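Colleague: I would like to go through this model with you. Could we take the sheet strand by strand?

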Amino acid sequence: MNVSSSDVRQMLRECYSAPEASALAWIVCCEMLGQSPTDFYLGKDMILSANGERELQSILARLRNFEPIQYVQGFARFLGRPFKVCPGVLVPRPETEELVERMLEEVRPDARILDIGTGSGCIAVSLSVGLPAAQVTAWDVSEEALSVARANNAALHASVGFGRVDVLAYSPVGPERFDVIVSNPPYVTESEKAGMERNVLDWEPFSALFVPDTDPLRFYRRIAELGRTLLVPGGKIYFEINRAFGPATRAMLLGQGYAEAHILKDISGNDRFVIAEK
């Protein structure tokens, strides 16, 4: 079978805008099927074997069903590293990269760090790789997510310790304390679903995305409560937040006795992070 990049783009135009179809076609042809970028841009045909043809048809069927390209590939890049992803974990976002980059600049190299709601492990593993002297612990309620995070930890030669913990039900036990807590918990309100794309709504895990409209800060509030025990004096919380709730998150933290609670914007100019000190 002979197929060109323009053929792939056209097959994807049934479901995607022209820019999206072009971006996806580049990934399919060059990253997944091995076409050279030069041949892609020149529109040259790929000569596919029977297996290659079946692989292409499978890829296109999944994309036309709005499955995220990262799930189709089996990985997502985060700070330049490949992280295994599948429908049991969220696809890492660029905003979270911004959060980790800030932490790598600010956090003490030998800090004790707790990542709550680790998902694919992109935050915890990246911190462990970037701060090799740090002691990084990661929690998640999902055993499927923890399995993915452990695989990423091994593949990227990090040294994260993992625990299955339901943070909403957890009560601190023992003397363990942390210098830093970081979390990118569920923060999309259910009323925001109407404006979301199918590749998110149909595929990414509901429990990792959504919170009730009536209690959008439920995870932040609970983590802040736990931080009053789990953080050492002067310890910090780093939150990724819903851009609509920056002032509310800051007010909640100040109300719980935290100091120096700052709202920071992401590269798009949206309120996206809150950093507070115990």
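**Strand partners in the sheet**

Colleague: Which residue of strand 8 does Leu114 stand opposite?
Modeller: This is a predicted model, where local features need pLDDT of at least 70, side-chain atom pairs count only at pLDDT 80 or more, and totals for chains, interfaces and linings use all residues. Residues are numbered from 1 along each chain as its sequence is written, and side-chain values use heavy atoms, with hydrogens and water left out. Strands (E, at least two residues) and helices (H or I, at least four) are DSSP runs numbered from the N terminus. In strand 8, the residue opposite Leu114 is Ile181.

Colleague: In which sense do strand 5 and strand 8 pair?
Modeller: Two strands pair if DSSP finds at least two bridges between them. Strand 5 (residues 112–116) and strand 8 (residues 178–183) have four bridges, and one partner couple is Ile113 with Val180. The sense is parallel.

Colleague: Which residue of strand 11 stands opposite Val182?
Modeller: Strand 8 also pairs with strand 11, in the parallel sense over five bridges. There, Val182 stands opposite Tyr238.

Colleague: How many residues of strand 8 are buried?
Modeller: Buried means under 20% relative accessible area, exposed over 50%, and partly exposed in between (1.4 Å probe, protein chains only). Strand 8 is largely enclosed by the rest of the structure, because its buried residues number six of the six.

Colleague: Which strands stand at the edges?
Modeller: The open sheet has seven strands in the order 7-6-5-8-11-13-12, with mixed pairing. Each edge strand has a single partner strand, so one side of each is left without a neighbour in the sheet. They are strand 7 (161–164) and strand 12 (259–265).
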